[in-house]
Amino acid sequence: MRHGPSGPRDQKGQPGLVSAALSGLCPRCGSKTLFSAPAGLADECANCGLDFLALERGGRFVGVVTMLLALVLILAALAVDEWLRPPLWATFLFWGPVTVATVIGGLRLYKTMWVYHQFGERQP
Ligand SMILES: [Zn+2]
């Protein structure tokens with residue numbers, strides 16, 4: 001189930017945030033150094049030394065984002081359950097990986113957006 005990024009559309013000099021989040025691209029040099037864990041930012045860029053921790057500071061809504069994602073997933077799970085009435089094992093088999101992928105993907109996208117926003121704010 002891979003949806004390749006459809007390429008950055010002209011967003012006025014901004015690289016596609018989704019592809020940046022997927023590959024974990026540093027906002028300054030574009031190296032794939034932004035994440036050291038699936039959903040964890042690296043301390044700094046291994047290539048150009050940009051301080052990701054300093055940029056991330058203030059991004060304190062990660063917990064809220066996770067809870068919102070969980071809420072959406074629970075509602076979706078309830079809707080699917082009501083609609084298809086799948087056997088219990090199928091529910092777990094399906095929603096386990098979906099939940100993990102959604103939370104990691106959502107956090108990656110959120111953190112990337114935040115770091116890129118902070119990085120943009122600091123440019124002269
Ligand atoms: Zn860098």
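T33 lies in the loop between helix 1 and strand 1. The model is a predicted one. T33 counts as buried because its relative accessible area is 14%, which falls under the 20% cut-off. Beyond its neighbours within four places in sequence, T33 is in contact with G24, C26, A42, C45, A46, N47 and F52. Two of these contact residues, C26 and C45, are also protein donors of the zinc ion.

**Overall architecture**

- The chain contains 4 helices and 2 strands, and from the N terminus on its elements follow the order α-β-β-α-α-α.
- Of the 124 residues in the chain, 30% are buried.
- Among contacts between residues at least 6 apart in sequence, 55% join residues at least 24 apart.

**The zinc site**

- The zinc ion has as its protein donors the SG atoms of C26, C29, C45 and C48, which lie 2.3 Å from the ion.
- The arrangement of the 4 donor atoms is tetrahedral because the angles they subtend around the zinc ion run from 107 to 113°; all of these fall between the limits of 85 and 135 degrees.
- For reference, the ideal angle for four tetrahedral donors at a metal is 109.5 degrees.
- Along the sequence, the donor residues follow the spacing C-x2-C-x15-C-x2-C.
- Distant parts of the chain are linked by the pair C29 and C45, which are 16 residues apart. C29 belongs to the loop between helix 1 (17-23) and strand 1 (35-37), whereas C45 belongs to the loop between strand 2 (40-41) and helix 2 (52-56).
- The structure holds 0 disulfides.

**Helix 3**

- Helix 3 covers residues 62-84, 23 residues in total, and reaches 32 Å from its first C-alpha to its last. This span is close to the 33 Å expected at 1.5 Å a residue.
- V65, L69 and L73 are the buried residues of helix 3, and helix 4 (88-122) is included in what covers them.
- An α-helix has 3.6 residues a turn, so residues three or four places apart point the same way.
- L69, which has its place in helix 3, is in contact with T102, V103, G106 and L107 once its neighbours within four places in sequence are left aside.
- L69 and L107 are 38 residues apart along the chain, and their C-alpha atoms are separated by 9.3 Å.

**Helix 4**

- Helix 4 has 35 residues and reaches 50 Å from first C-alpha to last, close to the 51 Å expected at 1.5 Å a residue.
- The buried residues of helix 4 are T91, W95, G106, L107, R108, Y110, K111, T112, V115, Y116, Q118 and F119.
- These buried residues of helix 4 pack against helix 1, strand 1, strand 2, helix 2 and helix 3.
- Among the buried residues of helix 4 are G106 and L107, both of which are in contact with L69.

**R85 and the link between helices 3 and 4**

- R85 follows helix 3 and is placed in the loop between helix 3 and helix 4.
- Although R85 is not a glycine, its phi is positive, at about 45°.
- In general, most residues other than glycine have a negative phi.
- R85 counts as exposed because its relative accessibility is 59%, which is over the 50% cut-off.
- The side chains of R85 and E82 form a salt bridge, with an N to O distance of 3.4 Å. Both R85 and E82 are exposed.
- The salt-bridge count comes to 1.
- As a general point, side chains of opposite charge can pair when their charged atoms come close.

Conventions
Residues numbered from 1 in each chain as written. Predicted model: local features only at pLDDT ≥ 70, side-chain atom pairs only at ≥ 80, totals over all residues. Heavy atoms only, no water. Donors = N, O, S within 2.8 Å, 3.2 Å for Na, K, Ca; no water. Tetrahedral: all angles 85-135°; square planar, octahedral: opposite > 155°, others 65-115°. Expected span 1.5 Å × (residues − 1). Buried < 20%, exposed > 50% of the residue type's maximum accessible area, 1.4 Å probe, protein only. Contact = heavy atoms within 4.5 Å. Salt bridge = Lys/Arg side-chain N within 4 Å of Asp/Glu carboxyl O. Disulfide = S-S within 2.5 Å.
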